[in-house]
Amino acid sequence: MTVEVSLPYDKEYISQFSQGQNEPEWMKNLRLSALEKSESLPLPKPDKTNISKWNFTEFDHHVTGERIESLDELPVEIKDFLDEEKEQQNLVIQRNHTVAYGTIDQKLKDQGVIFTDIGTALREHSELVEKYYMNDAVHMDEHRLTALHAALMNGGIFLYVPKNVQIEDPIQAIFWQENPKASLINHILVVAEENSSVTYVENHISHNKEEKTSANIVTEVIAKDGAKVSFGAVDNFEAGTTVYANRRGVAYRDSVIEWALGQMNEGDTVSENITHLIGDNSHSNAKTVAIGRGKQKQNFTANITHFGKGSDGYILQHGVMKDKASAIFNGIGKIEHGASKSNAEQESRVLMLSSDARGDANPILLIDEDDVTAGHAASVGRVDPIQLYYLMSRGISKFEAERLIIHGFLAPVVNQLPVEAVKRQLKQVIERKVY
Amino acid sequence: MAGSTLEIKDLHVEIEGQEILKGVNLTINGGEFHAVMGPNGTGKSTLASAIMGHPKYEVTKGEVLLDGENVLEMEVDERAQAGLFLAMQYPSEISGVTNSDFLRSSVNAHREEGDEISLMKFIKEMDAKMDTLDMDKNMAQRYLNEGFSGGEKKRNEILQLMMIQPAIAILDEIDSGLDIDALKVVAKGINEMRNDAFGCLIITHYQRLLNYITPDKVHVMMQGRVVKSGGPELSQRLEAEGYDWIKQELGIEDETVNA
């Protein structure tokens, strides 16, 4: 067997790691078989982006983070993601690979809601996790990166909402890669049982400009019949972190999965966001905004695949590209045979702020059913001079006018994020990255 | 004389190499309302756009002076800050920017740094002006002009006019597409602006608007020039008799700029 890139972590290491975490046997076995697969499976091949030389294997796998007793102990750059006015009752902060802080509203606990780090979930709710973990949404053996993820998963959370439970307040998770070389291989598993609803928002943060590492994030969202999951994320890894992010949803009958993803990484990034509308009348709204700068290379895929009748999918991708950055935006609306009366809509727009930047919007509709509706709009261009003229004609400076237009362009995701602090943070990140 | 003076001198303007304005002369003083009338295609909107600095229009000759300062040498935002305002015929739609945020930025752009309008005062003024214009309050939180009906866009232009309080305003076909009730409301807003200092240039091809806003002077444009000027009675005669008598009087066969 040829191994193109050898992993610095072997069977023995993984067995020990798994035992050290007191993981159930099934998890250890999954890890070991995934490790084996990772040696033979190819890397994924995102359209028009060559990732064969990207760093997916050099990093520190297990770095603990100090626990904190109170949120006051957090440095300001992390505290900024928390609402000050309204104390967050449902919050997990992961620092490197261990939990620094975790709280959940007692009322939710009493209702059977589980919101905890994935390690604890594996120990305390092994059967429940096993039922969903890399089964319905993402499969371990899709390609080398999913296999690596399964083999080396070292963080993440499990959020479980029982039948008929409606969670009003947003649930928040912060994944803080404090150590510059720590690799966040987070698994986020969200299961919303029948007729439940939940709003979840997460941040991935690091500050490693120079030191190299890699993040491999897999998210699985399962929305059972009639459930509603609103999923918000702001990814904000620094330039040293190469990112693979795979966020996938499975929506059953009458369920809704909403995605609002702020893709603000500074390093090379491959991100795919796929939703399978399995059930009749299921619905997904997938919104992504991204900024590229420097020499950053990014590839974003948003895919909604319709299986259920009368399913409704809407994809929005807005990207701002500056300097010599390049990004590919693939929007895929796929309607399978039998998914009659479905509707697949998508909009991909890229705003170019520099002539050296590259941005591609590739809208793709794949339709294998007659009785459906579908539409797409795509554009790549500069800030509209007529819009600038209009704003400037009210005395607003060119700089400020451009600022307003760019913030407006990225607003669809900003506005949808549930926690005010996260919204404010995303606005600030946008401000910092664009200017 | 109170207020500012806008002087347009021998203004020639091209768009994509075609000359549209062929020597326009006009002077608007503070306190005066002027109407520029004329059939379609005679250069009225070009005049408005060129004064404000629309990127597609190129001034090839002439001057536009605001209190003696050459406006044509200024950037668009500087023209606005100097006191000019244009209510546009086709205002841009800007997604993601709320009407209210935009308005506040506009108002603050006319104030010194450090002297920005307080949020409370701003909201109070905006609410009062929206009442005058019979506008739904939720329009403040909608994205700028996005999905606005034609009438809503026009009201929104006048709302901006009332909030910014410029020295000289140009209203480009502010009446087009308005029903009679909306027209009255828009006219009410404009009339509320009237004072000794405020000068206004109203571009229209209908006399209708001028039933509600009485101009001090009326000018008729044909072939890219002002061909006739007079008092309010001129617009009434145009309403009654159309433009043919002017064409005959001046020996004009085709009034458009292509002639």
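Which residues does A:V383 touch, not counting residues up to four places away in sequence? In this predicted model, A:V383 touches A:L351, A:L388, A:E402 and A:I405 under that condition.

**The surroundings of A:V383**

A:V383 is placed in the loop between β19 (373-381) and α8 (385-392) of chain A. Because 17 C-beta neighbours lie inside 10 Å, A:V383 counts as partly exposed. A:N362 is 21 residues from A:V383 in sequence, and the two C-alpha atoms are 20 Å apart in space.

**Helix pairs in chain A**

| Helix pair | Angle | Distance between axes |
|---|---|---|
| α2(A) and α7(A) | about 150 degrees | 7 Å |
| α8(A) and α9(A) | about 120 degrees | 9 Å |

The angle of about 120 degrees between α8(A) and α9(A) makes α8(A) oblique to α9(A). The crossing in which α8(A) passes α9(A) is right-handed. On the side of α8(A), the contact is made by A:Q387, A:L388, A:L391 and A:M392, while α9(A) contributes A:K398, A:A401, A:E402, A:L404 and A:I405. By class, these residues divide into 6 nonpolar, 1 polar and 2 charged. A:L388, A:E402 and A:I405, which take part in this helix contact, are also among the residues that A:V383 touches.

The other pair consists of α2 (residues 25-40) and α7 (residues 144-152) of chain A. An angle over 145 degrees counts as roughly antiparallel, and α2(A) and α7(A) are therefore roughly antiparallel to each other. In this pair, α2(A) passes α7(A) in a left-handed crossing. From α2(A), the contact draws on A:L30, A:R31, A:A34, A:L35, A:K37 and A:S38; from α7(A), it draws on A:R144, A:A147, A:L148, A:A150 and A:A151. The contact of α2(A) with α7(A) has 7 nonpolar, 1 polar and 3 charged residues.

**Helix α10 of chain A**

Helix α10 of chain A covers residues 420-434 and has 15 residues. From its first C-alpha to its last, α10(A) reaches 21 Å, close to the 21 Å expected at 1.5 Å a residue. Its buried residues are A:A421, A:V422, A:K423, A:Q425, A:L426 and A:I430. The cover over these buried residues includes the strands β7 (197-206), β9 (228-236), β11 (256-263) and β13 (283-292), together with helix α9 (398-414), of chain A.

**Helices of chain B**

Helix α6 of chain B, residues 180-193, has 14 residues. At 1.5 Å a residue α6(B) should span 20 Å, and its end C-alpha atoms are 20 Å apart, which agrees. Within α6(B), the residues B:L183, B:V185, B:V186, B:A187, B:G189 and B:I190 are buried. Helices α4 (119-132) and α5 of chain B are included in what covers them.

B:K247 belongs to helix α8 (residues 244-250) of chain B. With 16 other C-beta atoms within 10 Å, B:K247 is partly exposed. Not counting residues up to four places away in sequence, B:K247 touches B:I252 and B:E255. B:M222 is 25 residues from B:K247 along the chain, and their C-alpha atoms are separated by 8.8 Å.

**Loop residues with positive phi**

A:N195 is not a glycine, although its phi is positive, at about 55 degrees. The residue is found in the loop between β6 (186-192) and β7 of chain A. A:N195 counts as partly exposed because it has 16 C-beta neighbours inside 10 Å.

B:Q223, likewise a residue other than glycine, has a positive phi near 50 degrees. Its location is the loop between β11 (217-222) and β12 (225-230) of chain B. With 20 C-beta neighbours inside 10 Å, B:Q223 counts as buried.

**The contact between the chains**

Chain B supplies 22 residues to the contact and chain A supplies 20 residues. On the side of chain B that touches chain A, α2 (76-82), β7 (94-98), α3 (99-109) and α5 (150-164) of chain B each supply at least two residues. The residues on that side of chain B comprise 12 nonpolar, 9 polar and 1 charged.

Note on methods
Residues are numbered from 1 along each chain as its sequence is written. Chains are lettered from A and ligands numbered from 1 in the order in which they are written. This is a predicted model: local features need pLDDT of at least 70, side-chain atom pairs count only at pLDDT 80 or more; totals for chains, interfaces and linings use all residues. Helices (H or I, at least four residues) and strands (E, at least two) are DSSP runs, numbered from the N terminus. The expected span of a helix is 1.5 Å times one less than its number of residues. A residue is buried if 20 or more other C-beta atoms lie within 10 Å of its own, exposed if 12 or fewer, and partly exposed in between; C-beta atoms are placed from the backbone. Two residues are in contact if their C-beta atoms, placed from the backbone, lie within 7 Å. Axes are lines fitted to C-alpha atoms, for helices over the stretch in contact, and angles run from 0 to 180 degrees between N-to-C directions. Angles under 35 degrees count as roughly parallel, over 145 as roughly antiparallel, 65 to 115 as roughly perpendicular and the rest as oblique. A crossing is left-handed if the near helix is turned anticlockwise from the far one by less than a right angle, and right-handed if clockwise. Ala, Val, Leu, Ile, Met, Phe, Trp, Tyr, Cys and Pro count as nonpolar, Asp, Glu, Lys and Arg as charged, and the others, Gly among them, as polar.
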